[in-house]
Amino acid sequence: ITDEDKYLSKEFQAYGIYLSEKLNDAAHKALYIKMAKEIPREILANALSFVLDSNADSKARLFMWKTKQLVDSKKTKAI
């Protein structure tokens, strides 16, 4: 366990940190933690998979776009 990990008490916090590392966007860790808390894991995992399969310049930006698209499509199906 690293010094940084000792402050993580919830699983969603660890997943948020994992997302920020995978997307090379450590500056926005808090945003990813918030997303991990509020957005279903299935959506985040699908968006991450989509981004990692691409060769985009800005993985974080593509992740945000794909996540929004998946959330919107889920809302549309629910109606």
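Reader: Is Lys68 buried or exposed?

Author: Exposure is read from relative accessibility, and over 50% counts as exposed. In this predicted model, Lys68 has 53% relative accessibility, so Lys68 is exposed.

Reader: Which residue forms a salt bridge with Lys68?

Author: Look for a side-chain nitrogen of Lys or Arg within 4 Å of a carboxyl oxygen of Asp or Glu. Here the partner is Asp72. The closest N and O atoms are 2.7 Å apart. Asp72 itself is partly exposed, at 31% relative accessible area.

Reader: How many residues apart are Asp72 and Lys68?

Author: They are 4 residues apart. Both sit in helix α4, which covers residues 59-78. That spacing is about one helical turn.

Reader: How many salt bridges does a search of the whole structure find?

Author: The search finds 3. One of them joins Lys34 and Glu38, with 2.9 Å from N to O. These two residues lie in helix α2, residues 29-38. Again the spacing is 4 residues, about one helical turn. Lys34 is partly exposed at 45%, whereas Glu38 is exposed at 52%.

Reader: Which residue forms a salt bridge with Arg41?

Author: Glu11 does, and the closest N and O atoms are 3.0 Å apart. Now check the helices. Glu11 lies in α1, residues 11-22, and Arg41 lies in α3, residues 41-53. So the pair ties together parts that are 30 residues apart in sequence. Arg41 is partly exposed, with 30% relative accessibility.

Reader: What describes two packed helices?

Author: Two values do: the angle between the axes and the distance between the axes. Take α3 and α4. Their axes come within 9 Å and cross at roughly 140°.

Reader: Why are α3 and α4 called oblique to each other?

Author: Compare the angle with the cut-offs. Roughly antiparallel needs over 145 degrees, and roughly perpendicular runs from 65 to 115. The crossing is at roughly 140°, so α3 and α4 are oblique to each other.

Reader: What is the handedness of the crossing of α3 and α4?

Author: The crossing is right-handed.

Reader: Which residues make the contact?

Author: On α3, they include Ile43, Leu44, Phe50 and Val51. On α4, they include Leu62, Phe63, Trp65 and Lys66.

Reader: How many residues of the contact of α3 with α4 are nonpolar, polar and charged?

Author: There are 11 nonpolar, 2 polar and 3 charged residues. Find Asn46 of α3 and Lys59 of α4 in the structure; both belong to the contact.

Methods:
Residues are numbered from 1 along each chain as its sequence is written. This is a predicted model: local features need pLDDT of at least 70, side-chain atom pairs count only at pLDDT 80 or more; totals for chains, interfaces and linings use all residues. Side-chain values use heavy atoms; hydrogens and water are left out. Buried means under 20% relative accessible area, exposed over 50%, partly exposed in between (1.4 Å probe, protein chains only). Axes are lines fitted to C-alpha atoms, for helices over the stretch in contact, and angles run from 0 to 180 degrees between N-to-C directions. Angles under 35 degrees count as roughly parallel, over 145 as roughly antiparallel, 65 to 115 as roughly perpendicular and the rest as oblique. A crossing is left-handed if the near helix is turned anticlockwise from the far one by less than a right angle, and right-handed if clockwise. Contact means heavy atoms within 4.5 Å. Ala, Val, Leu, Ile, Met, Phe, Trp, Tyr, Cys and Pro count as nonpolar, Asp, Glu, Lys and Arg as charged, and the others, Gly among them, as polar.
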